[in-house]
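Hi,

Here is the structure I promised to pass on to you. Have a look at it first, and then read my notes below.

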Amino acid sequence: MTTQWSTPSALGRRLQRVRVGHWFAGNQGDPYALILRALRDDPSPYEEEVRARGPVFHSEVPDTWVIADGALARSVLTDARFGAPTRAGGRHRTGLFPPAGAELAPDRARDEHSGVPAGAGPAVSAQDEAAVEALAEQAARTLLGGLGAGFDLVTDFARRLPARVLAEFLGVPEADHDRFEELLTGCARSLDSRLCPQTLDITRAGLAAAAGLQELLERHLGDGGERSARAALTLAVGVAEPSSVLICNAFETLGSAHGQWDALCRNPESAAAVVEETWWRRPPVRVESRIAREDVELAGVPVPADGHVAILVAAAQRDPAIAPARAEDGTVGAPLGLLGDAHATSAARTAGAISRAALRVLAREAPDLRPSGAAVRLRRAPVTLGHARFPVARTGTGSGAPTDPAAA
């Protein structure tokens with residue numbers, strides 16, 4: 001944890017100031033501020049209000065230009081004029097945002113053209129993606145085999161699986177796998193906390209977990225230097241919670257649509273199409289942040305250099321203008337979230353591989369898995385809209401017909 005936030009009172013005041021700003025702006029009818037409050041299971045009405053305000057909506061209190069338009073969102077996410085850090089290598093107007101730990105702090109040493117730390121690694125190639133999927137399938141079988149008839153899909157499976165896969169992929173020694181999993185689990189709120197202030201206890205625990213995870217990776221990736229460890233840290237945090245959210249969103253969607261879980265169980269190889277569909281309809285990263293590297297005009301709206309742009313991924317992907325046609329193999333094309341630079345592409349490949357393997361194993365090994373209670377969403381999670389808990393149980397029927405959670 002950095003010295004700046006080692007005093008709980010100072011950290012608490014910063015969190016409270018940001019939260020009050022969101023609350024005040026929301027009371028004044030700012031739809032983006034209402035999204036950042038993150039008190040609803042379904043923020044889509046606020047997202048649609050942003051869309052109604054035009055292609056680019058300026059949210060004044062967080063000083064953010066917000067985009068829900070599909071074509072404009074894709075343009076920004078793939079435009080080299082936008083990146084993670086400001087021109088000075090820091091965050092945009094830090095007083096308007098919650099503090100971020102080392103796992104989200106941008107690296108100052110960046111390649112001039114791509115905005116990605118030169119030689120940072122670990123980049124995930126298509127070949128690596130296949131290896132990750134194989135690792136994830138084996139880990140998922142092992143993990144599922146150690147669970148009883150009833151368990152929590154989030155805490156017992158979907159959040160543990162990425163940690164196990166990433167520990168292996170990043171070369172963490174087996175003796176430190178449990179510690180790696182513990183620390184990475186402690187970073188579960190990182191993506192949400194960069195935009196939405198968490199409680200003081202959650203924030204302090206998250207900052208400490210990120211610092212501990214960075215230290216562990218530096219110890220084992222010492223030959224690559226600090227930047228390699230930082231890249232590994234960014235990859236791990238960028239993959240872990242989105243993978244968990246994607247797995248749970250997919251299972252929840254399949255269970256609520258008649259016959260869909262049964263269809264996956266009959267053909268587990270269709271997990272790839274299920275993951276892509278879920279990524280479009282219920283993305284694991286709903287808000288992407290970018291900083292303008294220079295003065296830019298977006299749909300006639302000027303955005304100054306170092307201006308903060310938020311892309312509402314879920315809203316943008318509902319835009320019929322970019323909705324992809326379904327291919328013959330059932331896939332629906334690349335979604336917007338986790339798109340635009342080398343780290344994001346690596347995170348997307350890794351999260352997709354882990355999620356595909358997880359669903360394939362669940363369909364093969366536990367076709368009788370059913371929700372055994374109501375799935376509960378996290379509060380203060382505008383980026384991931386992740387689950388707090390999701391109780392499931394194996395009914396022993398072996399059938400793929402869905403079960404109503406309310407009747408469980």
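**What I found**

Glu 252 is partly exposed, since its relative accessibility is 23% (buried means under 20% relative accessible area, exposed over 50%, and partly exposed in between, with a 1.4 Å probe and protein chains only). Its side chain meets that of Arg 282 in a salt bridge, 2.7 Å from N to O; a salt bridge here is a side-chain nitrogen of Lys or Arg within 4 Å of a carboxyl oxygen of Asp or Glu. Glu 252 sits in helix α11 (residues 225–256) and Arg 282 in the loop between α13 (271–281) and β5 (287–292), so the pair links distant parts of the chain, 30 residues apart. Helices (H or I, at least four residues) and strands (E, at least two) are DSSP runs, numbered from the N terminus. Arg 282 is partly exposed too, at 25%.

Before you go further, please keep in mind that this is a predicted model: local features need pLDDT of at least 70 and side-chain atom pairs count only at pLDDT 80 or more, while totals for chains, interfaces and linings use all residues. Residues are numbered from 1 along each chain as its sequence is written, and side-chain values use heavy atoms, leaving out hydrogens and water.

The whole structure has 23 salt bridges. In one of them, Arg 318 joins Glu 48, with the closest N and O atoms 2.7 Å apart. These two are 270 residues apart in the chain: Glu 48 belongs to helix α3 (residues 44–52), and Arg 318 to the loop between α14 (313–317) and α15 (342–365).

Arg 141 and Glu 137 form another salt bridge (3.5 Å, N to O). Because they are 4 residues apart in helix α5 (residues 126–145), about one helical turn separates them. Is Glu 137 buried or exposed? At 14% relative accessibility, Glu 137 counts as buried, whereas Arg 141 is partly exposed at 39%. Both belong to a network of salt bridges that also includes Glu 129 and Arg 356.

β4 pairs with β12 (residues 391–394) over 3 bridges, and Asp 152 stands opposite Pro 391 in β12.

Enjoy exploring!

Technical notes:
Pairing = 2+ DSSP bridges.
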